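Open the model in your viewer and keep the selection panel at hand. The stops below go from the whole chain to single residues.

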Amino acid sequence: MPLFNLFDGDARQREEELSQNQDLDIYTGMKVEVISDDDRMFLTAEVVGLRGDRAQLKPCMDGSLLAAGEAVPVTIRGFSSKENRAVVMQARLRVSGSGSWQAEHLALLEKGDNRASVRVPVGFDAFLRYKDGQEPVDVLNMSTGGACIFTRARHNVGEKLTMLLTLPIQSGELTLPVQILRINERRNGCFEYGCKFLNIDEELENRLARAVFELHGQNK
């Protein structure tokens with residue numbers, strides 16, 4: 001192969017890497033979940049100070065399921081409001097001497113309409129509240145973005161309701177506005193609904209993140 005072709009190939013690769021790193025800058029401020037190779041979620045955080053392939057992660061809560069030490073490979077999942085899609089990145093994560101979380105060698109894995117959050121199997125009772133009253137439901141799984149619930153009542157895709165949760169953990173009670181996105185009709189006149197959470201402010205978002213974090217820890 002001619003030498004100039006090698007130089008051209010190296011130049012194209014550098015341009016592609018530079019372009020990808022510049023693209024990552026739009027994810028500054030994104031709320032993310034950090035998952036280890038064994039599928040353990042140990043941090044929910046905000047991406048700050050993203051420069052090239054490095055960023056600092058600002059935890060949304062105290063505590064972590066990861067002990068401080070050497071850098072570990074992780075998957076970082078979030079939802080980009082600028083692109084209106086889920087984002088999955090890989091990185092190596094380390095804790096600095098000052099206790100801050102540093103993501104290094106960030107690389108984009110995929111963007112798409114898939115879930116941006118880890119779904120945690122739960123199995124506890126809740127209530128759906130609507131204009132004419134409320135009904136009991138079973139919560140099958142939940143994430144920071146939504147939940148899957150089970151009930152005998154019939155609802156429609158797009159319908160907006162309020163879900164009342166009493167969690168068996170420190171996070172306690174949560175009141176969450178939801179919208180039905182998906183319906184699976186089951187036997188015996190029951191329905192399974194896929195719901196997303198709507199219009200959650202920062203305080204409620206952090207409480208929800210802590211709840212999912214704690215529930216995920218119980219399942220490991």
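**Whole chain.** This is a predicted model, in which local features need pLDDT of at least 70 and side-chain atom pairs count only at pLDDT 80 or more, while totals for chains, interfaces and linings use all residues. Residues are numbered from 1 along each chain as its sequence is written, and side-chain values use heavy atoms, with hydrogens and water left out.

Colour by pLDDT, the predictor's confidence in each residue, from 0 to 100. The mean for the protein is 78, and 76% of its residues reach 70 or more. Now select residues 13–21: pLDDT stays under 50 there, and the model has 3 contacts (heavy atoms within 4.5 Å) beyond four places in sequence for this stretch.

**Secondary structure.** Switch to cartoon, using DSSP runs numbered from the N terminus, with helices (H or I) of at least four residues and strands (E) of at least two. The protein has 2 helices and 12 strands. Read from the N terminus, the order is α-β-β-β-β-β-β-β-β-β-β-β-β-α.

**Barrel.** Select E7, E8, E9, E12, E11 and E10. In that order, these 6 strands close into a barrel with antiparallel pairing; two strands pair if DSSP finds at least two bridges between them. Neighbouring strands of this sheet are turned by 45 degrees against each other on average, direction ignored, with axes being lines fitted to C-alpha atoms. Zoom in on E9 and E12, which run antiparallel and are joined by 6 bridges. Phenylalanine 150 stands opposite glutamate 192 in E12.

**Cores.** Show side chains next. A nonpolar core is a set of buried Ala, Val, Leu, Ile, Met, Phe, Trp, Tyr and Cys residues joined through side-chain atoms within 4.5 Å; buried means under 20% relative accessible area, with a 1.4 Å probe and protein chains only. Buried residues make up 39% of the 220 in the protein.

The largest nonpolar core has 26 residues, and Val139, Met142, Met163 and Leu165 have the most contacts inside it. Strands E7 (120–130), E8 (133–142), E9 (146–151), E10 (160–166), E11 (173–185) and E12 (191–197), along with helix H2 (202–218), each supply at least two of its residues. H2 gives the largest share, 5 residues.

Which residues does leucine 165 touch, not counting those up to four places away in sequence? They are Phe124, Ala126, Val139, Met142, Gly172, Glu173, Leu174 and Leu176.

For the last stop, select Leu24, Leu43, Leu50 and Ala91, which are included in a second, separate core of 20 residues.

Note on methods
Buried means under 20% relative accessible area, exposed over 50%, partly exposed in between (1.4 Å probe, protein chains only). Axes are lines fitted to C-alpha atoms, for helices over the stretch in contact, and angles run from 0 to 180 degrees between N-to-C directions.
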